[in-house]
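Here is a friendly briefing to read alongside the model. Have the sequence and the 3D view open, and follow the topics one by one.

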Amino acid sequence: MVTNLPAEAKAKWIKVMEAKTPQERLKALEEFLSAVPKHKGTEKLIGQVRRQMAILRREIEEQRRRRSGKGPKFFVEKEGAAQIVLLGLSNSGKSALLTKLTNAKVLISPVPYSTQKPAVGMMPFEDIKFQLVEAPAIFEGASRGEGWGLKSLGLARNADAIAIVLDASNNPIGQLKTILKELNEAKIFIRKPKGKVDIQRKSSGGIQVIISGKLVNATAKDVEKLLRDYGIYHALVRIFGEVTLDDVESAIFESTTYKPAIVLLNKVDLVDREEVNKIVAKIKALAGEEVPIIPVSAKNSLGLKELGKIFFKITEIIRVYTKQPGEDEPSPQPLILKKGSTVLDVAERVHSRLYKNFKYAKIWGPSAKYPGERVGKNHVLMDGDIVEIHAKG
Ligand SMILES: Nc1nc2c(ncn2[C@@H]2O[C@H](COP(=O)(O)OP(=O)(O)OP(=O)(O)O)[C@@H](O)[C@H]2O)c(=O)[nH]1
Ligand SMILES: [Mg+2]
């Protein structure tokens with residue numbers, strides 16, 4: 001992608017970012033596109049923008065349909081430590097798994113397309129809970145806007161992770177291919193990119209770049225300049241893994257999404273063990289090494305015990321317990337943060353006063369060199385840490 005667009009195009013991009021509704025965003029993207037010179041170096045960018053426009057047009061169409069009163073609401077407000085969407089073809093056993101793993105009461109039935117709106121349940125794991133959401137079944141053509149297809153894919157896009165549910169007794173590889181195809185069409189990828197750029201817009205404080213990985217052929221200064229070119233003056237930019245300046249620009253454009261995923265190969269009670277091993281090997285080749293594949297049976301409760309741990313791992317969260325200065329015990333309920341979060345992230349979550357007047361923190365637990373270690377705001381926390389924040393004044 002080019003990083004030297006004409007000033008006019010960059011100015012138009014600011015309008016895109018300021019757009020509040022899909023309609024405004026679509027119009028702004030059209031205007032942006034007309035200001036982008038067309039040549040070899042801008043091909044990829046133009047492609048990305050066109051794709052975004054296509055998605056927006058579908059969204060607007062969907063909105064219109066919804067307003068006309070047809071169909072249930074699909075958005076599910078996040079609750080608990082992380083939201084995980086169960087995604088699969090009809091009859092793969094999503095409802096059966098949801099029932100076994102959570103408190104949800106849903107219809108389990110061999111009748112195709114029994115679940116017609118998202119079904120939600122809370123799954124306990126140690127001292128936290130995951131929110132599981134069964135998305136109404138995916139099918140060939142879902143990403144083209146047929147039926148509730150786009151809405152189910154939208155649930156996946158909004159979730160923290162995806163659990164792909166396959167019926168081991170009914171062409172699971174074919175099912176997986178269909179699901180991956182629909183996800184890819186919707187620009188949702190389950191293969192982990194080499195690096196990740198996370199841009200959090202802020203209202204003040206300038207641009208702060210935290211490099212937890214490696215910025216290839218560029219410096220933090222280049223990142224700042226790039227953001228400023230796009231009219232972003234206050235932001236927290238985080239770089240994980242290996243990232244190029246192009247990747248940073250892609251992140252500004254938000255064109256694709258990566259979602260951590262797990263494959264639940266369900267109904268293994270119906271298939272012999274050797275066959276299961278063969279299927280697992282084929283899934284691995286298709287989904288990638290890093291995607292965990294768990295043979296399970298909702299019917300016999302097989303393989304379900306280990307799921308909490310795996311959800312915890314793929315969502316890359318940590319639990320941090322806060323403590324008031326002078327008190328002995330930390331809060332029983334942990335704060336849930338992303339792996340790589342710092343002491344300052346905790347301060348921000350607890351109270352804006354602690355964030356603004358941060359002085360130092362004391363920590364106990366896995367990331368502390370010794371109990372009660374005194375650390376600064378950029379100290380990176382680990383799961384199970386206890387944090388006590390001291391503020392000025
Ligand atoms: N043998 C066996 N049958 C299962 C298992 N899990 C689900 N089933 C059966 O498969 C059928 C479909 O299960 P559901 O849980 O309703 O499937 P679903 O994925 O929610 O289907 P839709 O809501 O239509 O998309 C039911 O008849 C279940 O009893 C399993 O682990 N083993
Ligand atoms: Mg169902």
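Helices (H or I, at least four residues) and strands (E, at least two) are DSSP runs, numbered from the N terminus. Axes are lines fitted to C-alpha atoms, for helices over the stretch in contact, with angles running from 0 to 180 degrees between N-to-C directions. This is a predicted model, in which local features need pLDDT of at least 70 and side-chain atom pairs count only at pLDDT 80 or more, while totals for chains, interfaces and linings use all residues. Residues are numbered from 1 along each chain as its sequence is written, chains are lettered from A and ligands numbered from 1 in the order in which they are written, and side-chain values use heavy atoms, leaving out hydrogens and water.

**Helix pair**
- Helix H1 (residues 7-18) and helix H2 (residues 22-35) have axes that come within 8 Å and cross at roughly 170 degrees.
- That makes H1 roughly antiparallel to H2 (angles over 145 degrees count as such).
- By class, the contact of H1 with H2 has 7 nonpolar, no polar and 7 charged residues (Ala, Val, Leu, Ile, Met, Phe, Trp, Tyr, Cys and Pro are nonpolar; Asp, Glu, Lys and Arg are charged; the others, Gly among them, are polar).

- Ser 95 lies in helix H4 (residues 94-101) and Thr 115 in the loop between H4 and strand S2 (119-125), so the pair ties together parts 20 residues apart in sequence.
- Ser 95 counts as buried at 7% relative accessibility, and Thr 115 counts as buried at 13% (buried means under 20% relative accessible area, exposed over 50%, partly exposed in between, with a 1.4 Å probe and protein chains only).

**Salt bridges**
- The structure holds 18 salt bridges (a side-chain nitrogen of Lys or Arg within 4 Å of a carboxyl oxygen of Asp or Glu).
- Lys 323 and Glu 388 pair at 2.9 Å, N to O; Lys 323 sits in strand S13 and Glu 388 in strand S17, 65 residues apart, and both are buried.
- Lys 369 bridges to Glu 373 at 3.4 Å; Lys 369 is exposed at 72%, whereas Glu 373 is buried at 8%.
- Glu 126, Asp 127, Arg 319 and Asp 383 are joined in a network of salt bridges.

Methods: Parallel < 35°, antiparallel > 145°, perpendicular 65-115°, else oblique.
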